[in-house]
Amino acid sequence: IVPIRTDSDWTVAEASGSGKLGGTQPTQIRFDLRGEIDGDNWYDAEQDGRWAGPGHVSSLMLPALGAGRYQMELDVVDAMAPEIVNGMTLSLNGKPVPINPKCHGYPTLVTAEFSTDTPAPDGQWGLTISFPRVASPADHGSGDHRTLAIRLRTVSIEKIRPGEDRTALQLS
């Protein structure tokens, strides 16, 4: 496992894979939201993840991988309600990415598949997560007055091997 380094110095993203000319061409990343992040609409990290909120749209800048087909997994530790997870939408670099939430309890994995044939010009992918609503724990008697959507631990993206039969969204 080799840490990815970009102009932003990704301290919590790890990448692995092998590439041409003896160098490393990552084929997967695992981005841990318990560390430093480059994104908007997130609360401070907690022991097991980071809450999205107070608004309805949260974003993350992730290190981009090369052209190819990928599977993304969002490790959702908790949410204010299952309908927030089941109703959320994703976009990567402004293109909608279909997801498969199937939330029946926590933790849960939200999966998505996409493909891209163009490298990211700045070496980053912009992930946007939109939520149908946010809610406050104070509405249920807690002293916590923040408005929250989901608590996310990691975002993982892994290249789909050639020959695997999956439907993917094309990003250009």
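**Strand pairing, core and aromatic contacts in a predicted model**

An open sheet of 5 strands is present, with the order S4-S7-S13-S9-S10 and antiparallel pairing. Its edge strands are S4 (39-40) and S10 (95-97), each of which pairs on one side only. The structure described here is a predicted model. Within the sheet, strand S9 (residues 89-92) pairs with strand S13 (residues 124-130) in the antiparallel sense, over 4 bridges.

Asparagine 93 lies in the loop between S9 and S10. The phi angle of asparagine 93 is near 55°, a positive value in a residue other than glycine. Asparagine 93 counts as partly exposed because its relative accessibility is 41%. A positive phi, near 65°, is found for asparagine 41, which is likewise a residue other than glycine. Asparagine 41 is located in the loop between S4 and S5. With a relative accessibility of 18%, asparagine 41 counts as buried, since the cut-off for burial is under 20% relative accessible area.

Strand S5 (residues 42-46) runs antiparallel to S6 and is joined to it by 3 bridges. S5 and S6 form a hairpin, with 2 residues between them. In this pairing, tryptophan 42 has alanine 52 of S6 as its bridge partner. S6 is also joined to strand S14 (residues 150-159), again in an antiparallel arrangement, by 2 bridges. Here arginine 50 stands opposite leucine 152 in S14.

In a regular strand, side chains alternate between the two faces of the sheet. Strand S6 (residues 49-52) shows two such directions: Gly49 and Trp51 point one way, Arg50 and Ala52 point the other way, and all are buried. Proline 54 is placed in the loop between S6 and strand S7 (57-63). The peptide bond from glycine 53 to proline 54 is cis, with omega near 15°. A cis peptide bond is also found from tyrosine 106 to proline 107, where omega is near -5°. Proline 107 lies in the loop between strand S11 (99-100) and S12.

The largest nonpolar core comprises 39 residues, and those with the most contacts inside it are Ile150, Val155 and Ile157. Strand S8 (residues 68-79) gives the most to this core, contributing 5 residues. The surroundings of valine 155 can be described in detail. When residues up to four places away in sequence are not counted, valine 155 touches Ile29, Arg30, Phe31, Leu33, Leu60, Leu62, Met72, Glu73, Leu74 and Leu127.

A pair of aromatic rings is described by the distance of the centres and the angle of the planes. A search of the whole structure finds 3 aromatic pairs. In one of them, the rings of tyrosine 70 and phenylalanine 114 have centres 5.5 Å apart and planes at 25°, so the pair is stacked. This pair links distant parts of the chain, with tyrosine 70 in strand S8 and phenylalanine 114 in strand S12, 44 residues apart. Both tyrosine 70 and phenylalanine 114 are buried. Tyrosine 70 also forms an aromatic pair with tryptophan 125; this pair is edge-to-face, with 5.5 Å from centre to centre and 75° between the planes. Because tyrosine 70 lies in strand S8 and tryptophan 125 in strand S13, the pair ties together parts that are 55 residues apart in sequence. Tyrosine 70 and tryptophan 125 are both buried. Together, Tyr70, Phe114 and Trp125 form one aromatic cluster.

Another arrangement involves a charged group and an aromatic ring. The charged end of arginine 146 sits over the ring of tyrosine 43, at 5.1 Å from its centre.

Glutamate 113 is found in strand S12 (residues 108-116). Because its relative accessible area is 22%, glutamate 113 is partly exposed. Glutamate 113 and isoleucine 99 are 14 residues apart in sequence, and their C-alpha atoms are 7.5 Å apart in space.

Notes. Residues are numbered from 1 along each chain as its sequence is written. This is a predicted model: local features need pLDDT of at least 70, side-chain atom pairs count only at pLDDT 80 or more; totals for chains, interfaces and linings use all residues. Side-chain values use heavy atoms; hydrogens and water are left out. Two strands pair if DSSP finds at least two bridges between them. Buried means under 20% relative accessible area, exposed over 50%, partly exposed in between (1.4 Å probe, protein chains only). A nonpolar core is a set of buried Ala, Val, Leu, Ile, Met, Phe, Trp, Tyr and Cys residues joined through side-chain atoms within 4.5 Å. Contact means heavy atoms within 4.5 Å. Rings of Phe, Tyr and Trp (its six-membered ring) pair if their centres lie within 6.5 Å; planes under 30 degrees apart count as stacked, over 60 as edge-to-face and the rest as tilted. A charge sits over a ring if NZ of Lys or CZ of Arg is within 6 Å of the ring centre and within 35 degrees of the ring normal.
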